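Here is a note for a colleague who is meeting this structure for the first time. Please read the points below with the model open beside them.

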Amino acid sequence: MIALRYLATILSGPLLLVGVIWVLQGLNILPGSFMTGQIIWAAYGAPMAVAGSALAWWVNLRR
């Protein structure tokens, strides 16, 4: 069970990071990609970032 908690914590980091990057690129704050300035990527990234942070919070909530 502890291994599953570690795995979920490790997976939540990249999920959160990629979601935030997609939001920033979609909002034209982080340039340099084909996604820059296309709001659909912000719409894809926001739930991904929320899911990553919720997963990290939920997994580490219990001891």
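1. A pocket is an open set of points on a 1 Å grid over the protein atoms alone, where a 1.4 Å probe fits and protein lies on both sides within 12 Å along at least five of seven lines. Its volume is the space filled by probe spheres set on the points, which are joined across faces, edges and corners. The largest pocket here holds about 200 Å³ of space.

2. The model is predicted, and local features need pLDDT of at least 70, side-chain atom pairs count only at pLDDT 80 or more, and totals for chains, interfaces and linings use all residues. Residues are numbered from 1 along each chain as its sequence is written, and side-chain values use heavy atoms, with hydrogens and water left out.

3. Lining residues, those with an atom within 4 Å of a point, are Met1, Leu4, Arg5, Ala8, Leu55, Trp58, Val59 and Arg62 for the largest pocket. Helix 1 (2–26) and helix 2 (39–59) are the elements that each give two or more residues to this lining, helices being DSSP runs (H or I, at least four residues) numbered from the N terminus.

4. Ser12 counts as buried because its relative accessibility is 3%. Leaving aside residues up to four places away in sequence, Ser12 touches Gly52, Leu55 and Ala56, where contact means heavy atoms within 4.5 Å.

5. Just after helix 1, Asn28 takes a positive phi of about 65°.

Terms used:
Buried < 20%, exposed > 50% of the residue type's maximum accessible area, 1.4 Å probe, protein only.
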